[in-house]
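Me: I have a structure open and would like to learn how to read it. Take me through it feature by feature, please.

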Amino acid sequence: MAYDQSRIRNFCIIAHIDHGKSTLADRLLEKTGVLQQREMTEQVLDSMELERERGITIKSKAVRMPYRARDGVDYELNLIDTPGHVDFAYEVSRALAACEGAVLVVDASQGIEAQTLANVYMALDHDLEILPVVNKIDLPSARPEVVKQEIEDEIGLDTENCPLVSAKQGIGIEDVLEDIVQKVPAPKGDTQSPLRALIFDSLYDNYRGAISYVRVKEGVLRVGDRIRMMASGREFDVTEVGTLLPGRYNATGELRAGEVGYVAASIKDIADIRVGDTITHVERPAQEPLPGYKPVLPMVFCGIYPADGADYDSLREALEKLRLNDASLSFEPETSQALGYGFRCGFLGLLHMEIIQERLEREFDLDLVTTAPSVVYRVIKTDGEILEIDNPTNLPPTNDIEYMEEPFVDAQVITPQEYVGAIMELCQNKRGTFRDMKYIEGGRVLLNYDMPLNEVIFDFFDNLKSRTRGYASFDYSLKGYVRSELVKMDMLLNGEICDALSIIVHKDRAYARGRSIAEKLKDVIPRQLFEIPIQAAIGGKIIARETVKALRKDVLAKCYGGDISRKKKLLEKQKEGKKRMRSVGSVSLPSEAFMAVLKMDD
Amino acid sequence: MKPALYIHIPFCAQKCAYCDFASWAGREPVWEAYFHALKEEMRPWMEISGGKFYSVFVGGGTPSLVPAERIAEILRGVSAGEVTLEANPGTLTPEKLEIYRQAGVNRLSMGVQSFDDGLLKTLGRIHTARQAEEAFFMAREAGFDNLNLDLMYALPGQTQEAWEGTLEQAAALGPEHISAYSLILEEGTPMAAWATPQPDEDVNRMQRTATAFLKEKGYARYEISNYARPGRECRHNLVYWRRGDYIGVGCAAHSLYQGRRFANPDSLGAYLAGARRTEDAILTEEDVLEERLMLGLRTAEGVPRGWIRENAQTRRMVREGLAVFEKDRFFLTEKGMEVQDAVVLALLQ
């Protein structure tokens, strides 16, 4: 199809988790003939096993669909799939910046949820045309009229002619496509202007090197061009340019203003491609980069160690491989007295952390020990120096600290009314500050709280789910740093500090946390030859104490007729078991011990 | 020093419910072939040792099940300071005992296990408490002045009182030696399918009761499971713990000889078909160090002090009453023996 900017439509689909975003995307691909039904596995765009399993999209993806509309004209539709989780908010914002329109999918029985709102606000920020779609109308519990009203009232979108869809049953798909053609504006942008192309994602291809997914805003990008990344300043020669089809690249040799596609330029390190950066030409560069670029900063850190020290190199290789496709993952070597050699890893959020851990274990078959996650604290020293601390072990001595700051987030919770009390109590327990509360359609309430991030990453989400039987939805965004009374709490085993168990905690919460961790440790540490005192301490002050009693008996296998093989086997087994444990001084700790700091029953 | 000799007789009248050793009931048709094979296997060892061994132990299975003449035949030309034969109380007769004596057997180890008929039934034993007593007197009558009784505790349903009763009856008979084994439910045995192990606390209590009671009756605990009157410790038994050389002949028999550990197949069929030494390993230095502690610390005499490093850990063991450094020895206390595996593991780090 010849290039005609007026016939291009760039759009994304936004939705709360499980409202059917990926299924709708699949139907659009099928309807436009990009994929035949028989070729489809469920949720084509969520190609990672983990994505399908968890029902979330982790990486942005793009796909081009030719579509002959009812008016008889051929259009080029570019669907940009966005990650569906708050951890990836920045990636989402860049994907939105690559579009002119957004299809807002709302579940016909669930209605608007916290992420629906967060996504809508973000889409509005980018001046996108928002096309509401009510999905899952085939469900018996569907109440499309109520949900339509809710969308009108809460978001202010006109839903009079909005498509009523069942992506699962294939109902109403063409209405969505027609809506996109008619309502999403065609891109603007002069092909004669200097090149400006927005990078909205990147991934690593074994043959092509690191690949950028781009939206050309102005100018034309061609094979052989010398390009510059405006934020990083790096320059490359373009080796391949084209459009994206499901699971493959379609080299076209050029991308013009308004088009979406990929660029390969023999880039070895994905860190050279920064999401949000602008590509321009080295000759005849653009004056200004496109707005909105932010370096990606990890918000959550944890130590990742191989359960078997011999796997250190395998762990490093695995992390390097994952980082090829995930520039937001950071890691650097660290050592712990208790855990040996490992890595301090930075993540966008808790989900990102869990995904990386799970991929390391599954795709690379590694046995890991991970420490409790930490946020980045700001330490203002008495000499005026400001430190950013992501590992409690690195905290300077108390005497050198003037004060500390911790990150706070804007948290939104949408919940059925009956759980408001429970949620308020939870937020209060988590040191949240109430901001406001709003009643919305369907007997539900929108709550806004300021919350410390370190409480949010601890066990807030699990607690929220259990207190509301899964009915509440939750979203947050970083607000800024706030001065706070924070202390470092150490855990002592047999009188010795176990560095991997230290945490930074608000002083009002220290007693409860200390007690809870000590109890957890008591449950997971097996009895040993000697009694093991477990203590939680702040500075030199002991705030909680438990004891693992000494072993009382072990199996005394009989050695019959001089056959000592059983005893030997038992000893070997015990030696193996002990090898899998970490020793802190004279105490052997199982891997689970390091997770004891993570969960707490309130 | 001459090696010790172990001869395995893998035949029983009936398999006990807890037993997972190499022993079979109803194999009378192969007895002849088995004893023939045993004799053949012994021949080179007889030549090397000139028939003289440090000690001999005829174990099973139930050596007293087969005709006593077969035992006499196998022991022909064999001599040792201590020659023990394992006997099931349900199989002994004055005639058999007489043949054993003439064949050079000077010690009998009787598998009594319990003096509670209910428990004996549970265990699948073929004898009653009464028969055990009769067999004991029969052996004394036949002139055996060195007798051992094997007892078991931590049996399913066994109360503290029942165990004390068994200990009392055993001691009342006045044997020279008593072995008291804690029942271990081995996977695959009929008993493991239904029995639940006694709680650790109760097992410990029974074990402590045995030690205290037997001590009072003049039996010293010289090894984790073995008690003897002074000078009546089982020589053969001590060879195992002291890592002396021993030759095992017969199906599933194990040997330690000149730095090697080797063993015959567990399968009777394989043994009869001529398979020997199907396991054979030269011990590494590490193996030897491990074994020395693992085995030596089962005994009251312990190990030479020089084998043990005196450090924070061992000093703590002493401080907490698990072990004792004494002149040139290091040994475990009663409390230490209860957690011997863990102590050894700690010492090996």
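**Reading the model**

Reply: Start with helix 1 (residues 21-31) of chain A: 9 of its 11 residues are buried, so it is largely enclosed by the rest of the structure. Buried means under 20% relative accessible area, exposed over 50%, and partly exposed in between (1.4 Å probe, protein chains only). Helices (H or I, at least four residues) and strands (E, at least two) are DSSP runs, numbered from the N terminus.

Me: What should I know about the model and its numbering?

Reply: This is a predicted model, where local features need pLDDT of at least 70 and side-chain atom pairs count only at pLDDT 80 or more, while totals for chains, interfaces and linings use all residues. Residues are numbered from 1 along each chain as its sequence is written, chains are lettered from A and ligands numbered from 1 in the order in which they are written, and side-chain values use heavy atoms, with hydrogens and water left out.

Me: Which elements do the buried residues of helix 1 of chain A pack against?

Reply: Look for contact, meaning heavy atoms within 4.5 Å. The partners are strand 1 (8-15), strand 2 (61-68), strand 3 (74-81), strand 4 (101-107) and helix 6 (173-183) of chain A. The buried residues of the helix include Lys21(A), Asp26(A) and Arg27(A), along with Leu24(A) and Leu28(A). Just after the helix, Gly33(A) takes a positive phi of about 80 degrees.

Me: How do I read a sheet? What is the strand order in the open sheet of 8 strands in chain A?

Reply: Strands of a sheet pair through backbone hydrogen bonds, either parallel or antiparallel. Here, two strands count as paired if DSSP finds at least two bridges between them. The order is 10-9-15-6-7-14-11-12, with antiparallel pairing. Strand 10 (235-237) and strand 12 (248-251) of chain A each have a single partner strand, so one side of each is left without a neighbour in the sheet. Neighbouring strands are turned by 40 degrees against each other on average, direction ignored. Axes are lines fitted to C-alpha atoms, for helices over the stretch in contact, and angles run from 0 to 180 degrees between N-to-C directions.

Me: Which strand pair and which helix should I look at there?

Reply: Take strand 7 (residues 209-218) and strand 14 (residues 260-267) of chain A, antiparallel over 6 bridges. Ala210(A) stands opposite Ile267(A) in strand 14 of chain A. Helix 3 (residues 89-97) of chain A lies across strand 6 (196-205) and strand 7 of chain A, at about 130 degrees to strand 6.

Me: Which strands run parallel to strand 7 of chain B?

Reply: Strand 5 (residues 56-60) of chain B is joined to it by 3 bridges, and strand 8 (residues 107-113) of chain B by 4. Val58(B) is the bridge partner of Leu85(B). Glu86(B) stands opposite Ser109(B). Both faces of strand 7 of chain B are covered: Val83(B), Leu85(B) and Ala87(B) are buried on one side, Thr84(B) and Glu86(B) on the other.

Me: Which residues touch the most other members of the largest nonpolar core?

Reply: In soluble globular proteins, nonpolar side chains tend to be buried together. A nonpolar core is a set of buried Ala, Val, Leu, Ile, Met, Phe, Trp, Tyr and Cys residues joined through side-chain atoms within 4.5 Å. In this core of 70 residues, the answer is Ile7(B) and Leu75(B). Helix 1 (residues 28-49) of chain B gives the largest share, 8 residues. Apart from this core lies another, of 47 residues, among them Leu368(A) and Leu486(A).

Me: How far apart do the C-alpha centres of domain 1 and domain 2 of chain B lie?

Reply: They lie 29 Å apart. The bounds, 4-240 for domain 1 and 284-349 for domain 2, come from an automatic or database domain assignment. The two domains bury about 840 Å² between them, 47% of it on carbon and sulfur atoms. Buried area is the accessible area (1.4 Å probe) that two parts lose on being put together, summed over both. In domain 1 of chain B, Arg221(B), Glu223(B) and Ile224(B) lose the most area to domain 2, together 54% of what that side buries.
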